[in-house]
Amino acid sequence: MAVTVNVTSVIEKLVGGQRSFESLGDSVKSLIENINETYPGFSDQILEEDGELRRFVNIYLNDEDIRYLDGLNTELTDDDTVSILPALAGGE
Amino acid sequence: MAHIPNEILQAMVDHAMDDLPNEACGMILIGRSDRQMTVHRVTNTAASPYRYEMSPLEMMKLEQKRDSENLDLFAIYHSHVASAAYPSPTDVRMAFFPPGETDNEPMFPETYYVLVSLENNKPDVRAFHIKKYGEISEESIESEN
Ligand SMILES: [Zn+2]
């Protein structure tokens, strides 16, 4: 499936400085693997060692957080937009 | 020195008050040519008095707006409802990607982190840069009309 990937700020630096690009994947997981083929080291920054999505990285399929869909197994269809965004957070 | 118009300072204080008892957060964008600032409230998805997490989708939309309207990210602001207007250890940790990796460059080296404290009757607003190795450098705010 050909999808559009949007990224911001620090994650942009992991993919050669682009904000938006096309990639392929049947699921979010296979999409990340494909991006990692082109940009080695990408998945290490996005996934924990056990393969789970890092807590401070958010992935949206269109406007839905994949944590509320099927996580990394969320299926993709042609022309979907996947956004991979770092958390901007803090505390007291 | 951070030059911030009074109305922008006031807009951040108003936001902090409106979102009580929770922390409020948002961004100030600035025109690259006209230097006009605008305050953009962002939803605190943590909805907590102790934490903030900016809605990532709203952030992305603001980032796209920055590109299309030729704006820079001047400041990231949030409120402290019961503590001083100074970056907490969590604030510093989260300024890095991955969090706490202070040997990396901070995510937003050029951007001011503005803190609005409501701990006392009179709100306090202060500005900082968070630098490599987690160094906090305060930048005095020069307010102007
Ligand atoms: Zn804070």
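Arg19(A) is partly exposed at 25% relative accessibility, where partly exposed falls between buried (under 20% relative accessible area) and exposed (over 50%), with a 1.4 Å probe and protein chains only. This is a predicted model, in which local features need pLDDT of at least 70, side-chain atom pairs count only at pLDDT 80 or more, and totals for chains, interfaces and linings use all residues. Residues are numbered from 1 along each chain as its sequence is written, chains are lettered from A and ligands numbered from 1 in the order in which they are written, and side-chain values use heavy atoms, without hydrogens and water.

Salt bridges
- A salt bridge is a side-chain nitrogen of Lys or Arg within 4 Å of a carboxyl oxygen of Asp or Glu, and the count over all chains is eleven.
- Arg19(A) pairs in this way with Glu12(A), with 2.7 Å between the closest N and O atoms.
- Glu12(A) is buried, at 15% relative accessible area.
- In chain B, Asp72(B) and Arg32(B) form a salt bridge at 3.0 Å, N to O.
- Asp72(B) is partly exposed at 29%, and Arg32(B) is partly exposed at 42%.

Helix α2 of chain A
- Helices are DSSP runs (H or I, at least four residues) and strands likewise (E, at least two), numbered from the N terminus.
- Buried residues of α2 (residues 28–38) include Val28(A), Leu31(A) and Ile35(A).
- The buried residues of α2(A) pack against elements including β1 (2–7) and β5 (81–86) of chain A, contact being heavy atoms within 4.5 Å.

Loop residue Glu49(A)
- Glu49(A) lies in the loop between α3 (42–46) and β3 (57–61) of chain A.
- Glu49(A) is exposed, at 88% relative accessibility.
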